[in-house]
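Dear colleague,

I am passing on the structure below, and my notes on it follow. Please read them alongside the coordinates.

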Amino acid sequence: MSDPQGVVLDFLGALARSDLDGALPLVADDLTFDNVSLPTLRGKPAFERAMRRLLDRGVRVEIDVRRVASDGDNVLTERADTISWRALRVQVWACGMFEVRDGRIALWREYFDWANVIAAGVRGLAGVGRRAIRSRAPAARPT
């Protein structure tokens with residue numbers, strides 16, 4: 001596929017299905033994954049190791065692309081990503097900038113707001129607590 005926007009949407013769709021084997025052919029061997037304010041991953045092997053580690057630990061992501069725009073080989077996405085791990089679900093706003101070269105993603109720069117991430121984490125933890133309280137069996141009445 002040579003359409004940069006299609007490449008990016010197919011890549012995000014594969015990640016949302018936890019299909020890393022489907023996502024990897026869409027990234028360049030010299031991929032740079034720059035998750036702003038976190039360590040940058042360089043190269044497909046580093047990206048694959050990090051993603052497999054998350055998937056092996058049960059982390060899943062739902063990706064709701066709200067807007068997508070492209071200019072040549074550059075694609076910009078605005079998304080609501082829901083990250084799940086066990087009972088914890090955290091929804092965060094994210095913006096991704098992708099550079100596609102020869103039909104593969106060569107640069108993925110991810111932007112997000114730490115205040116939004118922290119607030120979403122607190123909401124997610126509160127949700128876990130509410131579900132735990134509701135799921136407890138009623139206390140036995142003394143006879």
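**Burial, fold and aromatic pairs**

Of the 143 residues in the protein, 36% are buried, where buried means under 20% relative accessible area, exposed over 50% and partly exposed in between, with a 1.4 Å probe and protein chains only. This is a predicted model, in which local features need pLDDT of at least 70 and side-chain atom pairs count only at pLDDT 80 or more, while totals for chains, interfaces and linings use all residues. Residues are numbered from 1 along each chain as its sequence is written, and side-chain values use heavy atoms, with hydrogens and water left out.

The protein has four helices and six strands, taken as DSSP runs numbered from the N terminus (helices H or I, at least four residues; strands E, at least two), and their order from that end is α-α-β-β-α-β-β-β-β-α.

The structure holds seven aromatic pairs, for which rings of Phe, Tyr and Trp (its six-membered ring) must have centres within 6.5 Å, planes under 30 degrees apart counting as stacked, over 60 as edge-to-face and the rest as tilted. Phe11 and Phe98 form an edge-to-face pair, because their ring centres are 6.4 Å apart and their planes lie at 75°; this pair joins helix α1 (residues 4-16) to strand β5 (residues 88-101), across 87 residues. Both Phe11 and Phe98 are buried. The rings of Phe98 and Trp108, with centres 5.4 Å apart and planes at 20°, are therefore stacked, and they link strand β5 with strand β6 (residues 104-111). Trp108 has 6% relative accessibility and so counts as buried. Ring pairs link Phe11, Phe33, Phe47, Phe98 and Trp108 into a cluster.

Best regards
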